[in-house]
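Here are some friendly notes to read alongside the model. Keep the 3D view open and find each residue as you go.

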Amino acid sequence: MSHKYLAKFAQRQWRFMGKFLSLFCICCFLAVSCGQKQSTTPANTGTNTGRISIGTTAKIRTLDPADAYEVAAATLLHNLGDRLYTYESGTTDLKPQLATELPKISKDGLTYTIPLRQGVVFHDGEPFNAAAMEFSLKRFIENQGSPSVLLSDTVDSVAATGEYELTIKLKKPFAAFPDLLTFFGACAVSPKAYEIGAGKFSDKFVGTGPYQLALNYSNETIKLDAFDRYWGEKPANKGIDIQRYTSPSNLYNGFRTRAVDVAFQSLDLDQIADLQKQAGSGGWQVLEGRSNGIYYLTLNIKEKPLDNVAVRQALAAIIDRTQLQERVFRGQVEPLHSLVPLTLPDAYKPVFKDQYGDGNAVKAHEALTKAGYSRSNPLRLELWYRSNLTTDGLAASTIKAAVQQKLGGVMEIDLKSVESTTAYQNLDKGIYPMFLLDWSPDFLDPDNYIQPFMDCVKGSAATGCEDGSTKAQGSFYYNERVNELIDKQRQEQNPQARQKIFSELQDILAKDVPFIPLWEGKEYLFAQKGIEGLRLEPTQRVPFWTIKK
């Protein structure tokens, strides 16, 4: 198998795993220095300074956009840097950012010509132009950081074809390419502050965004100062002070005692529920929104008994998503009936609900009977989950209990667990018959929820997937029609025509059941009374520049 598929999968898994590391969390911030003793001392919120204090427990590995691939880095780079394109607030509608309009695309779908904004400067005073954007994207590819494959697999060349004109040529057509350019790491960086070269990464950030990284930061408090030469909407505050706490409990107590203005991420299920319940009496605000991360079961279709589609359909029917939503997550997730999430409503098609329902014992019995299973010949399956994620264990136990209750004697689930790192190393080896996993996209397009799951570069119906995404996922699914449809939607520029293709792909997903979608997460933002301008975007980003007291 090509190592790039396994590497991309493992990196993406690690990006999203931090969201549930403390039962349920939303990782978006950082601690920079290493090796220093952590502190739980609350920051001075600076009520009259015009600055906003945000409490968190998370830290990140790097802020270099050519190497940052974790969810924890995304919101910071969103506020520190600008990309060619972004999304209209509250939507998934694409709009220019450092570009001045959507790209001009050649008839063969390979060449993108992009006009750029003038009058933009980097945090170090260097001017932004096409040469700087060319440098930034080439560095993203050539430094070979964790996310580099996102562009290296797609882009053939990047060139400044004018002082404020950028031309990008693709290796093959990709209709969602402008959405890919919204990826937080594809931001402009100052050529004066960075180098191009494999592994040449930086511990600073110099971009063009509304905030710049302050000089006086530590592993306890990260300071972002409003950039006074920013070309766009000026921040409504003078800066952001990010206070790192050593545990969710400390963050919870710090917010309740008003040591910080905003609490965002790493609160567990009980703490989220408690802050929601007491919002009125406590005088704080609660913002809730859908996450774009999804959870699902991957099924190894090469191994018995999961090579039988009727067995997979029985599993699809017996899964009770509402039970998982209420018993495990206390309503802090939403049931999901396709791999395409609810955050993409134009593409989302609830095919598993339409085909199987939820907790449908009758349909499950019918499928099991068709597959030859009964009380005298029960079906036995192993369900694997990651041992270092508490919610994975709770969800797996709930699924097992539901199967025992509704299909006892006919289907039996044996639970097995393994640490995340080991799991990611072995998924493509076919060791696990069924595994509970999650996914966080690189950009908001249905392609990023279909291609990484259902595409196979090499294989056959007889051998399964020998090289490609489905092998990396541990499913080994191969369907020639699916491969054709994925290629077709990537070349199709008409949005309505693409939606029809995604509709067919989701129908095939529900029929063949190589994966079973389970739930989509939610995000929570807690703020003190008097804080205004808070937003939770569908992209999981929080714009700091709109927040004020």
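1. A disulfide to start with. With 100 degrees about the S-S bond, the link between Cys 456 and Cys 465 is right-handed. The two sulfur atoms lie 2.3 Å apart, and a disulfide here is a pair of cysteine sulfur atoms within 2.5 Å. By this rule the count comes to one disulfide. Both Cys 456 and Cys 465 are buried; buried means under 20% relative accessible area, exposed over 50%, and partly exposed in between, with a 1.4 Å probe and protein chains only.

2. Before you go on. This is a predicted model, in which local features need pLDDT of at least 70 and side-chain atom pairs count only at pLDDT 80 or more, while totals for chains, interfaces and linings use all residues. Residues are numbered from 1 along each chain as its sequence is written, and side-chain values use heavy atoms, with hydrogens and water left out.

3. Four strands form an open sheet in the order 4-5-7-6, with antiparallel pairing. Its edge strands are strand 4 (104-105) and strand 6 (155-162), each pairing on one side only. Helices (H or I, at least four residues) and strands (E, at least two) are DSSP runs, numbered from the N terminus, and two strands pair if DSSP finds at least two bridges between them. Strand 4 is joined to strand 5 (residues 111-115) by two bridges, and Lys 104 has Thr 113 of strand 5 as its bridge partner.

4. A helix over the sheet. Helix 3 (residues 130-142) lies across strand 6 and strand 7 (165-170), and runs at about 165 degrees to strand 6. For such angles, axes are lines fitted to C-alpha atoms, for helices over the stretch in contact, and the angles run from 0 to 180 degrees between N-to-C directions. Contact means heavy atoms within 4.5 Å.

5. The nonpolar cores. Which residues have the most contacts inside the largest nonpolar core? They are Leu 84, Ile 168, Phe 177, Leu 224 and Ile 516, in a core of 150 residues. A second, separate core has 14 residues, including Leu 251 and Trp 284. A nonpolar core is a set of buried Ala, Val, Leu, Ile, Met, Phe, Trp, Tyr and Cys residues joined through side-chain atoms within 4.5 Å.

6. Helix 10 and its surroundings. In helix 10 (residues 321-328), the buried residues are Arg 321, Gln 323, Leu 324, Gln 325 and Val 328. What covers them includes helix 7, helix 9 (309-318) and strand 19 (515-528). At the start of helix 10, a side-chain oxygen of Asp 320 reaches to within 3.3 Å of the backbone nitrogen of Thr 322. Just after helix 10, Arg 330 takes a positive phi of about 50 degrees.

7. Backbone details worth a look. Lys 304 and Pro 305 are joined by a cis peptide bond, with omega about 0 degrees. Pro 305 lies in the loop between strand 12 (284-299) and helix 9. Gln 540 is not a glycine, yet has a positive phi of about 75 degrees. Gln 540 sits in the segment after strand 19 and counts as buried because its relative accessibility is 2%.

How values were computed. A polar contact is a pair of N or O atoms within 3.5 Å; within protein, one must be able to donate a hydrogen and the other to accept it, and residues adjacent in sequence count only if both atoms are side-chain atoms.
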